[in-house]
Amino acid sequence: MTATELLGADGPLIEALPGFAPRPTQLEMAAAVEAAIAERATLLVEAGTGTGKTFAYLLPALLGGRKTLIATGTRALQDQLFHRDLPTLQRALGLAVDTALLKGRANYLCPHRLERLLAGDFGVDLTLHPALAAVRGFAERSPDGDLDTLEDLSPQSSLRPFVTSTADNCLGQDCPQIGECFLLKARRAAQQADLVVVNHHLFFADLALKETGFGEVLPDADVFVFDEAHLLPDVATLFFGASLGSLQLVDLARDLVAQSADLGDVPQLPALAETLRAAAAELLASLG
């Protein structure tokens, strides 16, 4: 059956999903998406509230039989698609499509950095941080390391930078705990899946990385769907521009101190790092 037939008055979703009802605008959008996928064409859709746009593009993507990448503007919608909408459609229609969720590295717990934090390697005492116990328990039970599922650790938590990695401080293949790396597992799952759900930030981060010629994060795909596409210009500007903030300088100073034991030939490094940290803090304070 086509996507429009499945979404129509005689389709199986009527019985499978309580409260579901056909919507003419949803059927029109689904037909357009299905045709665009079949013809390898570009389609721009402006769908008002109540259209049911999520099912209108998810169903053609699931039925298309091609490697598909769906990018959302927010992580909240990303989680909704992967944890609710896609499983709902697959169960209702008996579909067996391999799907994967992939976020940026700052969303995944880094077991190695957590271990170093607990060992006191970062030069700060966070043993009494209210979220630390929750993070330790999460590390032992989480199947995917996605910190967005840990309610006790907000994205703005001061603990978060110590238990996640960045491209600068990740040890890569040299990490002694690479076998436990949640980020690496998520990337491998994305490479193998038929449909991958990412967000705009990760898509453009990958695009910027590919332009350097030094690697990639996302798998190649045949079909690309951008939900919340009105956010794309701002995100693209973020990744193809250049910026430097005081928080980045503070992070750099902290990491320099953490690595100073391995850089014995530069004994002045800790003092210089502290000077950098103080200067960045003074700059931030001067801006109000």
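## Basis of the description

Axes here are lines fitted to C-alpha atoms, for helices over the stretch in contact, with angles running from 0 to 180 degrees between N-to-C directions. The model is predicted, and local features need pLDDT of at least 70, side-chain atom pairs count only at pLDDT 80 or more, and totals for chains, interfaces and linings use all residues. Residues are numbered from 1 along each chain as its sequence is written, and side-chain values use heavy atoms, with hydrogens and water left out.

## The helix pair α12 and α13

Helix α12 (residues 246–259) and helix α13 (residues 269–286) have axes that come within 9 Å and cross at roughly 160 degrees, helices being DSSP runs of H or I of at least four residues, numbered from the N terminus. The two are therefore roughly antiparallel to each other (angles over 145 degrees).

The contact (heavy atoms within 4.5 Å) is made on the α12 side by Ser246, Leu249, Val250, Leu252, Ala253, Leu256 and Val257, and on the α13 side by Leu269, Ala273, Leu276, Arg277, Ala280 and Leu284. By class, eleven of these residues are nonpolar, one is polar and one is charged, where Ala, Val, Leu, Ile, Met, Phe, Trp, Tyr, Cys and Pro count as nonpolar, Asp, Glu, Lys and Arg as charged, and the others, Gly among them, as polar.

## The four-stranded sheet

Four strands (DSSP runs of E of at least two residues) form an open sheet in the order β2-β3-β1-β4, with parallel pairing, a pair requiring at least two DSSP bridges between the strands. The edge strands, each pairing on one side only, are β2 (99–101) and β4 (223–226), and the twist averages 20 degrees from one strand to the next.

Within this sheet, β1 (residues 68–72) and β3 (residues 195–199) pair in the parallel sense over five bridges, and isoleucine 70 has valine 197 in β3 as its bridge partner.

Conventions: Angles under 35 degrees count as roughly parallel, over 145 as roughly antiparallel, 65 to 115 as roughly perpendicular and the rest as oblique.
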